[in-house]
Amino acid sequence: MKIERREILAAGGLAAFAAGFSQTLGRMVDGFVAAEEPRIAEGRHIHGRSAAPEYTVDPVSGEFTPNPNQQVSYTACLGCTTLCGVRVRVDKTTGNIIRVGGNPYSPLSTDPHLPMKTSVKESLIAMSRFQDKGLAGRSTACGRGNAAMDQMNSPFRVLTPLKRVGPRNGGQWQPIPFEQLVKELVEGGDLFGEGHVDGLAALRDLNTPIDAQAPELGPRVNQVAVLSSVNDGREAFSRRFWNKAYGTLNHVGHGSYCGGAYRSGSGALFGDLKGMPHAKPDLENAEFVLFIGTAPGNAGNPFKITGAKLAKGRATGTLDYVVVDPVLNNSHNLASAEHGRWVPIRPGTDGALVMGMMRWMFEHDRVNTAYLAYPNQKAAEAGGEPSHTNASWLVIAQEGHPRQGRFLRGSDVGMAIADADRYKDADPYLVIGPDGQPVSAESVTEAVALQANGLQVLIADKAVLLKTAFELLRDSALAYELPEYSDVCGIPVEVISGLADEFTRHGRKASAVAHGGMMAGNGFYNAYAVVTLNALIGNLNWKGGFVINGGGFRDAGAGPRYDLDGFPGQIKPSGTPLGRNVPYERSAEFARRKAEGKPYPARDAWFPNAPGLGTEWFTGALRGYPYGLKALILWSCNPLYGITGIRPLIEKELADPKKLPLIVSVDPLINESNAFADYIVPDSLMYESWGWAAPWNGVPTKAGTARWPVVEPKAQKAADGQPVGMETFYIALAKAMNLPGFGPEGLADMDGKRLPLERPEDWYLRGGANIAFAGKAPVGDASDEDLTLSGVDRLRPALEATLKPDEWRKVAFVLTRGGRYQPVGEAQDADHPEWQTHRFSKPLWLWNDTVGTSRNTLTGKRFAGCAGWQPPAFFDGTPMRKVYTEDEWPLQLVSYKSALQNSYSIATRITGLHPDNPVVVHPADAAGLGLRTGDEARIQTPGGTARCTVIVHEGVTRGVMAVEHGYGHRELGARAHRIGGQSQPDRPDLRAGINLNDLGLADPTRGGEAVWVDAVSGTSVRQGLPARLLRA
Amino acid sequence: MKSDVSPSAVQPRSASRRAFLRNIPVVTAAAASPFPTMAAARGKHQWAMLIDVRKCIGCQACTVSCIQENAVPEGSFRTVVSTYSVKLTDAAQPAGTYMLPRLCNHCDNPPCIPVCPVAATFKRDDGIVVVDGDRCVGCAYCVQACPYDARFINHDTNKADKCTFCAHRVDAGLLPACVETCVGGARIFGDINDAEGELARRLKAAQPQLKVLKPELDTAPRVFYIGLDERFAGKVEGQGTLWKPRAHHG
């Protein structure tokens, strides 16, 4: 229907909003403006305090009229680790954020996302009512993403450098000038009247070994360690400072107490235990997806796009899915129950379910053996498969052979391999050739035998039994009968077989995925099992199957425009990482114990198959194993809240400066961890910060999200006028210590011309140039209109001053669009439309001999090298239920992610909406105690006791109590700190609920001195804590 | 608006048994279609919303964006997603999640209007039910009269308050905040009278499944649902919700 513009004016709409625009607070009327303010809407005042619209679009002509008092900027959210592209609507007169939505260019917020060439104006029109564009092109922010803006004006923000007054964790601080902060931290001294504290300059000892008897530990500089959270697009800058310029080896994130067990299990299958590649279901094109211990649409990463595609798939009927989890959550939806099902499971028994499924698949010929028989990528692709596995590779299976569990290599059977190359990449893996004898796996051009059938080869004149990886996995799956698996996980045999049947009925358009539910005392093997399911149907790299991320655009690389990677004087850190995630067998301790005739047990656990482990840092450092720390930097992380069981183990020692002389935090807020800091340096927050982020996973096209200060940072300005934040702090430290890679000649362009690194813009804008020019052709130029509408014009002076004339409008182009994004249509390969464009081409390791030949450092026993069922256990292999029996601890605690709250969003409007986290208890478990919904109760574990409220319903496995993460805070507003003479607001409501991590266990097989972690991945155990429930 | 953000335990009356992946009681077919009649006699536009419950993931993006857009005070809601954990007695799984986005229904026969003693509440020509803040005396008769608990007294303004379909945005050619940010794409907004528009087309296509809340009251809501389970169309029986959003933090 046609509507004349005049008619709309007559209705009062546009005229009214013109009035709205003239107001200063971005709100309509009432309470903010004078009584004589023009009335709106038929002369009646109906809009209350609603915000004035950011622009208008004529619904007939599409004519666009901006609101000159507002700005809509595309940047990144930090409300969770997904780091979605968002649009932030700013009141230009106050700098306040009015509301946040999605960035329509970003595939994390929009399905399908807009092409980059769309102008900013067109992108805004694309979200309006004009031609119903805003419905089809809807670009969203989730509940938390909408609420996170509340942190910008939070009264709990740290805005000046703080120095503790009184003891650690005393809640009293003194604001200090930035220059004093830098001087004290660099030079040290008697900073607190408690005796001398070494400064960072003195601690940067790159030569003296930590322990002359154990030179493998590395130089003393490693005793300065940096714990961060997630790569929010700024980690490269932090690593440049701490690893490359300062020289410490120790800089790790939060993965080991997040979902690291899943990542490690995935890393085992993908053959990289440090980088831990992983894949996701292609929800857009899948027919069936099995989610185990992960809750699509309830939480997870990428949260929104997973939820949106799940919703679309089940509503249109293209997608069926099953969620296996001890807790029912928002991934289920009764309105489309015919397409989604919840299967309750006992905590930490996912491996039993999955190995049962595998057994059924092996026994019913539902394993894709044709696919598995391709031993290399070339042969696979020639056979029409976009990926391959090592299923056919031969493994030494001779009991007692020194290389048992290792793959048979060319040098083992007399191939000519240089000594230096033996058992390295040049020494080929072997498969059974046409003549029945081993040949190089790389050399064959077609499918090979999957079974060795008892084949033996002569190695050093001895007959040695061989098995294929396929046979070893099958043996593992057949280790238990289906009813035994069923007894363990509590899932009926017919459901296990039904799942296996369904999973194998969709060709490549099925997949299985897991995540946080794997954080159990056997998490690594549970996760390895789940991801191995995918290999058995050959779904990797297939449209509709298991697909890998498109990846990001690299800002901090060596070019194409600027070298943000290396620099003269760069340090290459060396030594043993604090988390002991390297082989114990290379340590001086091992050599000593071996010489004494007893190489095992080591003093404590080592994790050669794990990445950097924050879980092990605190107990390790405070007990001096492998070494103690002199300084700890906590950058926007909260390990005391997040590591299950850590607090009671360390809080006393952490408060003692003699045990750890210096704790410095860089953070915009005071949390449970940096409450123990000696100094807190304010960091930029949310929409005032920089960063070049990339989707963590789940986006099949290449994508890079730009985060830039869409509003002026609120933190105190240093003497040079720059706001204090992580970057300015490190730049100042580097200057004070004269470190390389920073300062007037810190950077270089690709011609080798030295350039300054003295401001955050020097780094991020040049990183932006690397992104804008990446690939075959650079992006286009931003127009003046793009700059004005997006608010990037505020950065124009810096863009022009920092970048070259042919660069700045291209970097501005990326900033105005909130990132750089590959077109949505390029997810699949143009030449192979059923294959993904971005493919993982290395083998999938059904058998991982790195895992399968490493040893438990307390028992000396080898770990299993493939997926298999083993019960949750402590480090030395003692099953948890042997120590904490079901008689004594009849229930189990699990943690689940909140659909709303995260670990740091407590002081936002989410808390008003959802103020507490009552513990979900099954009616059968509550009945015995006479507990009803709303009752107070007490939870006990071997690690602690907490009072809680219970909610009683059937949405939890019997015998399980479920705790929603994000509550039970002691900080982040839950305690009013005194800063200078001022007290923060008292908000007892922010203390509501409980934190499961306060109830975690110490590992009794490690002397009760370390938290319970998975023995392979080193990840904290929060799923399946033995517990009992008591009346309050 | 009162909210049931949290799961509350609900006992369904009946459910049918289905195959392995289809063995959960599903929404029963609507008895009668509530598809609206054209309102040609009134304004050209007749705004309405369609909510496809199957697409709701309960993330409360709508709830919070509405709060930010409209400065809704803490403890009150113009829209919210009630979330239920439903006990299933005759299905393979013991319980399921049900989500129900709620807001003012912008009824064609709104019970809130006749009770207003000062004629502050009225229906615009385009069908949007609004409150004139200048006239409203905050007596809360309308709050009591609304069968959907969609109204509240805004304790910042002391006026009756409720969803306006973001009339200020709609009049500017934009979408309501909740619709713009609906992650699952469950909320569709548009003009019933625009036959070519997305809303009218979707309403038409979904006609056999369309439902409204409390149809027996003949309020003629302008908020339509796909996937509305009849057990939730009226007052939900069962234990009271536990995580009541708080009224106001101290």
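Which residue is the bridge partner of A:Tyr896 in strand 36 of chain A? In the predicted model examined here, that partner is A:Glu964. The pairing belongs to a set of five bridges that join strand 32 of chain A to strand 36 (residues 960–964) of chain A, the two strands running parallel. Strand 32 of chain A is also joined to strand 39 (residues 1025–1031) of chain A, here by three bridges and in antiparallel orientation. Within strand 39 of chain A, A:Pro1026 stands opposite A:Gln892.

Strand 32 of chain A, which spans residues 891–896, is mostly covered, with six of its six residues buried. In a regular strand, side chains alternate between the two faces of the sheet. In strand 32 of chain A, A:Leu891, A:Leu893 and A:Ser895 point one way, whereas A:Gln892, A:Val894 and A:Tyr896 point the other way, and all of these residues are buried.

Two helix pairs of chain A were also examined. Helix 23 (residues 760–772) of chain A packs against helix 26 (residues 808–816) of chain A at an angle of about 90°, and their axes are 9 Å apart. Because of this angle, helix 23 of chain A is roughly perpendicular to helix 26 of chain A. Helix 23 of chain A contributes A:Leu765, A:Gly768, A:Ala769, A:Ile771 and A:Ala772, which meet A:Lys810, A:Val811, A:Phe813, A:Val814 and A:Leu815 of helix 26 of chain A. By class, this contact consists of eight nonpolar residues, one polar residue and one charged residue.

In the other pair, helix 8 (residues 235–246) of chain A and helix 22 (residues 726–737) of chain A pack at an angle of about 25°, with axes 10 Å apart. These two helices of chain A are therefore roughly parallel to each other, and the crossing of helix 8 with helix 22 is left-handed. A:Phe237, A:Ser238, A:Phe241 and A:Ala245 of helix 8 of chain A meet A:Met726, A:Glu727, A:Tyr730 and A:Ala734 of helix 22 of chain A. The residues of this contact comprise six nonpolar, one polar and one charged.

Chain B has 250 residues, of which 62% count as buried, and its secondary structure comes to six helices and 10 strands. Among contacts in chain B with a separation of 6 or more, 65% are between residues 24 or more positions apart. The contact between the chains takes 84 residues from chain A and 82 residues from chain B. On the side of chain A that touches chain B, the largest share, seven residues, comes from helix 10 (residues 303–316) of chain A. That side of chain A divides by class into 35 nonpolar, 28 polar and 21 charged residues.

Key: Residues numbered from 1 in each chain as written. Chains lettered and ligands numbered in written order. Predicted model: local features only at pLDDT ≥ 70, side-chain atom pairs only at ≥ 80, totals over all residues. Axes fitted to C-alpha atoms, helices over the stretch in contact; angles between N-to-C directions. Helix = DSSP H or I, 4+ residues; strand = E, 2+ residues; numbered from the N terminus. Parallel < 35°, antiparallel > 145°, perpendicular 65-115°, else oblique. Contact = placed C-beta atoms within 7 Å. Nonpolar A, V, L, I, M, F, W, Y, C, P; charged D, E, K, R; others polar. Left-handed = near helix turned anticlockwise from the far one by under 90°. Buried ≥ 20, exposed ≤ 12 C-beta atoms within 10 Å, placed from the backbone. Pairing = 2+ DSSP bridges.
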